[in-house]
Amino acid sequence: MQLARYFTAFKTILIKEVLRFSRIWVQTVLPPAITTALYFIIFGKLIGEQIGEMDGYRYIDFIVPGLILMSVISNSYANVVSSFYSSKFQRHIEELLISPVPNAVILAGYVGGGVARGIVVGITVTIVSMFFSDWQIHSYSITFLVFFLTSVLFAMAGFINAIYANSFDDISIIPTFVLTPLTYLGGVFYSISMLSEFWQGVSMINPVFYMINAFRYGLLGTSDISIGFAFVIIIGFIILLTSFSLWLLKKGVGIKS
Amino acid sequence: MDTHALSIENLCKIYKGGHQALVDVSLQVGQGDFFALLGPNGAGKSTAIGIISSLVNKDSGSVEVMGHDLDKDPVKVKEQIGLVPQEFNFNQFEPVGEIVVNQAGFYGIPRKEALARAKKYLTQLDLWGKRDVESRSLSGGMKRRLMIARALVHEPRLLILDEPTAGVDIEIRRSMWDFLREINRKGTTIILTTHYLEEAESLCRNIAIINCGRIVEKSGMSDLLKRMHRQSFVVSSRETIGEVDQLEKYQPEILDSTTLELSLHQDTDMNSMFDDLSRAGIQVVGLRNKQNRLEQMFIEMVTNPESICKAEQETGQ
């Protein structure tokens, strides 16, 4: 009985979140589609044709997985960080804090909203990529699993950012100075084999590198690293960030006096 | 004996920075009561309400709502409470109906039932016609009523209203009073904080006054008002007022040439006062009570040197 009530609460938060980003789709769904189309035109077509093949694939095909996952990462993160921070800023987070919703349901609802936006944007970008590239999916299960887990992971990271944020500046610092460099240096546009041994080592400590490679394996069947190890990294980070988020909610950090 | 709707014991709260907002506060509110929690700004009312409704972490003490302990069974406690906070705290970009339906969803109420309840409470509060309007476009009074509808949608047994009529015009305020009286009559316990003491006097049966984080008065409203020794009246005279020596026992104060303020002891009847005014040659053409009785008592209590911020002295602030 209680579980049914919690499920209703979860659905309520999830639908509220989906409606939120759907209402402003011009700001949330359209820009990644346009940006990715520009990437395909400039890096894939114009410059890519000069580059030739990478890891045995046309350059434009090689960058498709990274560009899709880059959109998933940034949109899952952005959805949760902006929505949860707004709810703190406008104080309507209090609607949830006074109601008998367990912290895990609050977290699941917001992360679910982030994942939903990640999926919508990911599918949109995938459709855009089909106009430029004629790739085939190598492994459906790995592709969808990496797609989903990466979205969960970065939605969770956005949640933690929002908990600590005290101003709108605070919700843009991490995406600009941490997330974007990690994504661009995570092998979206190049194979790790092009780097010197030192920079290959540095790339190995970038978690985004594992996600992009696992996703590339799912789509194209090629990867710089072991897929099993990539899953360990992704799931390990999800467990870590979930535990930390629940602890923050329990303590009321950033949301209770 | 029924359990209390609310029972708080030895509640203490010190904010970061050292401000002691609550000092050993204990308070009981009976089921079905209409209870006023009054105090000047910064007295600790909102902190107490924040702790009861799980928005503020307490440092020590206990809170029980309808017999459920907040520490042991927070879910049960939260299910009993509806909160109308002082500040507007809904999503300004969401439609009115969605805000109320979502709140029901947070309490686990299925959508079909939530829609029916939203319709019921928005209609009662005259907001059903605005259900599809973004909440930011509502007037101040409508926003207050929206927060009441939202607080009632899960049908709580204890409704806490933190200054629900602030900034609301008198006509709407009166209709809100009628609405609150009605839900209290049907069994909902109500705790009200307000700066309009006329509101507390008119609605509430019991009262607590909090000052500097301490309860300085706790009693029935009528008992409290009986303890008022004097009332002030403003008298308007037809002619210019001259000497008032004969009215010495009323502590007269001439406000202008035809207006006089008198202070009447509770043992003195008004007929005697009119006789004395006639003897003084003052022809009364108008009379009004200078201020609300509760307001007078409230000011005395919160400005009484013995009650002023003992807490501040003790904590060295």
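Visitor: What makes helix α5 of chain B a helix that lies across β6 and β7 of chain B?
Guide: Helix α5 (residues 140-152) of chain B lies across those two strands, running at about 170° to β6(B). Contact here means heavy atoms within 4.5 Å. Axes are lines fitted to C-alpha atoms, for helices over the stretch in contact, and angles run from 0 to 180 degrees between N-to-C directions. The names come from DSSP runs numbered from the N terminus: helices are H or I with at least four residues, strands are E with at least two. This is a predicted model, in which local features need pLDDT of at least 70, side-chain atom pairs count only at pLDDT 80 or more, and totals for chains, interfaces and linings use all residues. Residues are numbered from 1 along each chain as its sequence is written, chains are lettered from A and ligands numbered from 1 in the order written, and side-chain values use heavy atoms, without hydrogens and water.

Visitor: Which strands does helix α1 of chain B lie across?
Guide: Helix α1 (residues 45-52) lies across β3, β6, β7, β8 and β9 of chain B, at about 150° to β7(B).

Visitor: Why are β6 and β10 of chain B said to stand at the edges?
Guide: Six strands of chain B form an open, mixed sheet in the order β6-β7-β8-β3-β9-β10. β6 (81-84) and β10 (214-220) each have a single partner strand, so one side of each has no neighbour in the sheet. The twist averages 15° from one strand to the next. Two strands pair if DSSP finds at least two bridges between them.

Visitor: How do you know that β3(B) pairs with β8 of chain B?
Guide: Three bridges join these parallel strands, and the cut-off is at least two, so they count as paired. F35(B) has I191(B) as its bridge partner, while F34(B) stands opposite I190(B). Four bridges join β3(B) to β9 (residues 206-211), also parallel, with L38(B) opposite I209(B).

Visitor: What makes E163(B) buried?
Guide: Buried means under 20% relative accessible area, exposed over 50%, partly exposed in between (1.4 Å probe, protein chains only). E163(B) has 10%, so it is buried. Its phi is near 50°, a positive value in a residue other than glycine.
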